[in-house]
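Please read the following report alongside the sequence and the coordinates.

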Amino acid sequence: MCVICFVKALVHVFKIYLTANYTYNFRSWPVDFRWDDVCSAGGGGSSHRALTCTAAAAGVWLLRDAALGGDAPGRPLRRTRSQAQCLLQQIRELPSQLTSYALAHSLGRWLVYPGSMFLMSRALLPLLQQGQERLVERYHGRRAKLVACDGNEIDTMFMDRRQNPGIHGRGLHLVICCEGNAGFYEMGCLSAPLEAGYSVLGWNHPGFGGSTGAPFPQHDANAMDVVVKYALHRLQFPPAHVVVYGWSIGGFSATWATMTYPELGALVLDATFDDLVPLALKVMPHSWKGLVVRTVRQHFNLNVAEQLCCYPGPVLLLRRTQDDVVSTSSHLPTLPPGDVEGNRGNELLLRLLQHRYPTLMAHEGRVVVTRWLRSNSLAQEAAFYTRYRVDDEWCLAVLHSYREGCQEEQAWGPHGPTFPWLVGQGLSPRRQRQLALFLARKHLRNVEATHCSPLEPEDFQLPWRL
């Protein structure tokens with residue numbers, strides 16, 4: 001009996017030792033995949049592009065607006081200014097730029113990405129270790145080290161369900177999960193698609209868990225780039241079977257991926273926002289407004305809505321009805337139950353629909369969708385639909401008819417006719433409102449949960465396809 005107990009104790013100690021090495025020695029692991037480990041250009045029939053060494057020196061491409069170097073409205077164009085004027089302008093802006101840089105690399109970074117703080121990582125280490133053990137032992141997870149084009153090492157975990165795809169063949173689809181600003185794949189949003197039966201690829205932001213670097217937008221995009229390439233080229237998933245899922249601030253990484261690789265199959269955004277500036281202004285002193293806007297635009301320009309509008313594929317927005325983190329409707333510590341009017345996901349939906357269906361989202365359409373967004377339950381949605389007498393079958397017939405008519409008149413992309421669609425021209429205002437409501441309901445779904453509540457597996461669904 002003593003011998004048996006001794007053997008069991010020895011096995012337990014050995015297991016703890018291996019797990020500790022598994023966690024602490026990740027930086028000494030061999031590299032599994034690099035950003036430039038890509039098959040020959042155009043291989044596999046995919047249209048996504050591989051960066052050249054020259055392009056990689058500055059990182060991957062980011063979407064930048066007028067606030068990041070463009071000509072602001074009302075100012076003379078840069079090309080019309082003399083060299084002396086440009087130099088004088090740069091000298092004048094130098095103090096504010098230095099202040100913004102200092103704020104971004106100290107307090108700003110900790111507020112935007114608290115999960116990258118050393119003390120938080122150390123405090124969560126036991127939980128992260130347990131999460132790794134669960135993914136490896138229960139789901140046969142495979143951990144891999146990826147190297148991005150900026151040299152950062154990205155910690156990933158892959159759960160493969162293709163051998164047993166399960167119900168509706170869900171395991172044939174890969175869900176790439178982009179965590180929030182304090183989330184890790186070991187204990188983050190990947191649990192919902194994983195328990196729902198999908199193949200899942202989780203990864204940690206630069207500076208999170210085993211990933212190296214700092215979680216600024218450029219580094220985050222570099223990491224997302226190598227993760228997508230790893231999924232397509234090493235894991236060999238067809239682009240149409242890859243779904244990108246972003247939770248909270250992970251919506252930036254998710255929309256960047258689908259913007260850059262438009263042939264990816266679908267995009268799901270959960271509890272995310274349209275732009276970081278309104279949320280940053282909500283938590284910072286009003287007297288800091290100018291500094292906050294400048295710092296966010298220059299160093300944390302998480303322009304999710306702009307990137308979302310660049311993706312032509314299926315999109316589903318999950319809006320949490322008790323979410324006070326991405327809401328700007330109230331300065332109270334907690335929101336009243338069901339207060340969804342100030343949720344920034346509303347602006348995300350409006351921006352998306354206005355880009356894709358500008359005719360329907362003219363004044364009347366925008367007004368009725370804005371009213372519909374005040375609904376925070378299925379009962380309220382049903383009552384709203386009854387009031388406007390929305391006929392789903394008629395709406396589908398109109399959209400299918402428009403899609404078929406675009407075959408000869410409009411360019412086609414990987415998901416059909418390119419946006420914007422001018423569907424709705426010639427319809428009465430009443431019909432346009434009905435069609436706008438139908439599309440809003442197909443692109444946004446309410447979830448009764450707070451911001452940080454784990455998403456239930458049944459609440460994770462693939463977006464609607466026409």
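## Salt bridges

Glu153 is buried, as is Lys145, where buried means under 20% relative accessible area, exposed over 50% and partly exposed in between, with a 1.4 Å probe and protein chains only. These two residues form a salt bridge whose closest N and O atoms are 3.6 Å apart, the term denoting a side-chain nitrogen of Lys or Arg within 4 Å of a carboxyl oxygen of Asp or Glu. By this rule the count comes to 11 salt bridges.

Asp459 and Arg445 also meet through their side chains in a salt bridge, at 3.8 Å from N to O. Because Asp459 lies in the segment after β11 and Arg445 in strand β11, the pair ties together parts that are 14 residues apart in sequence. Asp459 counts as buried at 18% relative accessibility, whereas Arg445, at 23%, counts as partly exposed.

## Basis of the values

This is a predicted model, in which local features need pLDDT of at least 70 and side-chain atom pairs count only at pLDDT 80 or more, while totals for chains, interfaces and linings use all residues. Residues are numbered from 1 along each chain as its sequence is written, and side-chain values use heavy atoms, with hydrogens and water left out.

## Helix α13

Helices (H or I, at least four residues) and strands (E, at least two) are DSSP runs, numbered from the N terminus. In helix α13, which covers residues 378–388, the buried residues are Glu381, Phe384, Tyr385 and Tyr388. Seen down the axis, they fall within an arc of 100° and therefore line one face of the helix, the arc being that of the directions from the helix axis to the C-beta atoms. Ala379, Thr386 and Arg387 are exposed on the other side of α13.
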